[in-house]
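Reader: I've got a model to go through and a few things to ask about pockets and helices. Could we take a look together?

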Amino acid sequence: MLSGNQKNYIKIMPRVKKILLINPFIIETNSYNYETVISGGQFAESPLGLGYISSYLQSKINDVEIEIFDANLMAMKHFISKGKVDMSAAWGLLKDKIEEVSPDIIGVSSLFHSTSHIVHQTCTLIKKISPDIITVIGGSYPTISYSDALKDNNIDYAIIGEGEICFMDLILFLNKEKGVENLHGIAYRDDKNIIFKENKFLIKNLDELPFPDRTNISPDDYIMPNDFSEYGNLSRNFLFRVLGRNNAKIGIMTASRGCPYSCSFCSAKHIWGRSIRYRNSKNVVDEIELLIKEYGVNAIVFNDDNFTVSTKKAVAIMDEIIKRGLNIRWGVGGGLGVNFLDEEIIKKMYDSGIAIFNLAFESGSQKTLKEIGKVLNLEISKNVVRRIRKLGKGYIIGFFISGFHFETKKEVEETLEFARSLDLDWALIRNYQAIPGSRIFEECLQKGYIVADSIRYGYPLVTSNVDWPNFSKEYILEKNYLANLEVNFINSRNLNSDRVDQAIRDFKGVIELAPDHAIAYYVLGKAYEIKGDLLKVKDNWHKAQDILKTSETSRSYFKHFKIDINKELNLLEGGAL
Ligand code: SF4
């Protein structure tokens with residue numbers, strides 16, 4: 001007996017032969033300036049999730065062709081080759097690609113709510129090309145907001161959570177090899193209703209997964225085609241800034257799925273569930289070796305939610321890297337759990353090649369940490385930074401979120417003061433964004449704090465989707481931005497140390513992303529002053545001066561930090577320096 005949904009497809013689905021997996025644009029309009037795009041301000045990063053779906057389906061289903069297409073990467077390469085941003089050309093190229101492949105099914109990755117409107121536009125394009133192509137979306141957006149997503153008739157199926165098994169079962173269902181009762185981890189429309197089927201079968205043993213298919217999304221594909229960017233490459237990962245663009249070829253991978261914690265601002269549990277599953281260390285390091293041998297990778301980014309949540313597992317991976325004598329540098333894409341970083345593990349991290357320490361402090365207020373469910377003590381955090389400094393020369397990035405809706409100015413000040421007090425190479429102080437699917441988002445929604453049109457369509461990361469009850473938007477955005485300028489530029493630890501070359505790489509990296517950053521030009525000049533290169537000092541200060549002529553905001557920052565660039569330039573050019 002066939003279900004209504006299966007009946008719908010019997011006429012048009014003899015058997016699934018071709019699947020196209022698309023990583024959609026994250027660039028959406030022509031308003032981005034070209035310099036920002038080419039320097040990685042709009043970044044491209046290998047869509048590893050699609051790689052896993054592809055290799056899993058290929059290992060389980062016979063006679064099916066699968067192709068991954070990173071539309072975002074294609075767009076950036078196109079802009080670079082043409083010397084301008086042209087989104088209508090990019091959409092045209094995506095259309096050409098879909099027509100050329102002419103697949104039966106298209107899977108569209110939909111990781112973030114903030115870019116969900118582009119996913120809808122992509123599915124609209126697909127259905128215009130051929131209403132017979134079945135559209136499937138997967139990722140955080142459909143997992144959390146499947147009923148919203150399926151209001152759009154251009155989307156046929158929404159995968160809920162981990163995608164490999166659900167996608168396979170969907171294909172077997174469409175091939176009429178499995179009944180509707182076998183579908184799980186999926187939502188779809190059936191006549192009038194939206195049917196939701198919970199994701200019950202997470203992959204228990206991750207070692208059974210084949211390594212991700214990296215055809216079309218290999219580390220080579222993400223290398224800038226020309227010498228446009230010294231530090232940005234096509235990824236924004238800090239490893240490029242630390243190792244230098246020409247010294248880093250990065251492979252992205254994951255060693256685990258999930259996180260056992262439940263920080264109230266985080267939505268990670270929706271995709272991987274509450275428990276954590278690990279790959280065996282040998283399996284992880286086999287993949288590292290493959291990346292080295294096949295792609296010449298010399299640096300690895302682990303994109304796990306929480307790489308060090310089990311120190312035993314993390315140490316086993318590091319031991320295996322050391323045992324095999326692999327000469328790689330590594331870092332993580334998210335944050336390292338600060339609590340776990342004792343002396344022994346930090347030593348092991350250094351011995352196995354760690355280059356950057358992403359430390360997820362989140363807050364400098366013990367009260368806020370308790371409120372968000374983050375098990376972390378401020379004294380422990382300070383000691384961890386001291387230990388990392390004592391044992392090696394790793395680059396330390398601190399992650400902070402400032403301006404939770406329940407915070408007062410006191411807690412905000414405590415966080416910013418904490419960021420100033422730690423001996424960090426870089427502080428990423430983010431404005432609080434309520435992420436759909438997090439406990440805090442629900443609370444903000446109920447209390448009416450969420451900015452209405454951001455619920456579905458996302459919001460730019462430089463601002464926030466929350467209206468604060470305790471202070472104005474202007475207050476928190478300015479506070480956080482000034483603290484960023486102070487910690488990372490004006491009082492940069494590397495500027496006034498023997499690591500001035502690192503400071504130069506940092507400031508240049510920022511200028512590549514934000515070519516109108518007058519403060520970055522000013523401190524870059526300061527760095528060259530320390531190195532005694534007066535021509536470069538003058539050059540950078542003149543650039544800062546030019547920006548100040550037209551930017552009132554930049555002038556206000558110079559005033560805030562009591563910098564008189566005209567006076568400093570006069571002194572320099574008068575030979576007094
Ligand atoms: S923020 Fe990090 S530690 Fe907290 S739940 Fe999310 S992944 Fe886990």
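Reader: Between which domains does the second largest pocket lie, and why?

Author: Quick heads-up: this is a predicted model, where local features need pLDDT of at least 70, side-chain atom pairs count only at pLDDT 80 or more, and totals for chains, interfaces and linings use all residues. Residues are numbered from 1 along each chain as its sequence is written, and side-chain values use heavy atoms, with hydrogens and water left out. As for the pocket, its lining takes residues from two domains (bounds from an automatic or database domain assignment), so it lies between domain 2 (218-471) and domain 3 (497-577).

Reader: Which helix gives the largest share of that pocket's lining?

Author: Helices here are DSSP runs of H or I, at least four residues, numbered from the N terminus. Two elements give two or more residues to the lining of the second largest pocket: helix 9 (238-243) and helix 20 (500-513). The largest share is three residues, and it comes from helix 20.

Reader: How many charged residues are in the lining of the second largest pocket?

Author: Asp, Glu, Lys and Arg count as charged. The lining includes Arg 329, Lys 393 and Asp 501. Next to four nonpolar residues and one polar, the charged count is five.

Reader: Which residue with positive phi follows helix 17?

Author: Helix 17 (residues 439-447) has Ile 440, Phe 441 and Cys 444 as its buried residues (under 20% relative accessible area, 1.4 Å probe, protein chains only). They cover an arc of only 100° around the axis, which puts them on the same side of helix 17; the arc is that of the directions from the helix axis to the C-beta atoms. After the helix, with phi near 80°, comes Gly 448.

Terms used:
1 Å grid on protein atoms, 1.4 Å probe; cavity = no way out; pocket = protein on both sides within 12 Å on 5 of 7 lines; lining within 4 Å. Buried < 20%, exposed > 50% of the residue type's maximum accessible area, 1.4 Å probe, protein only.
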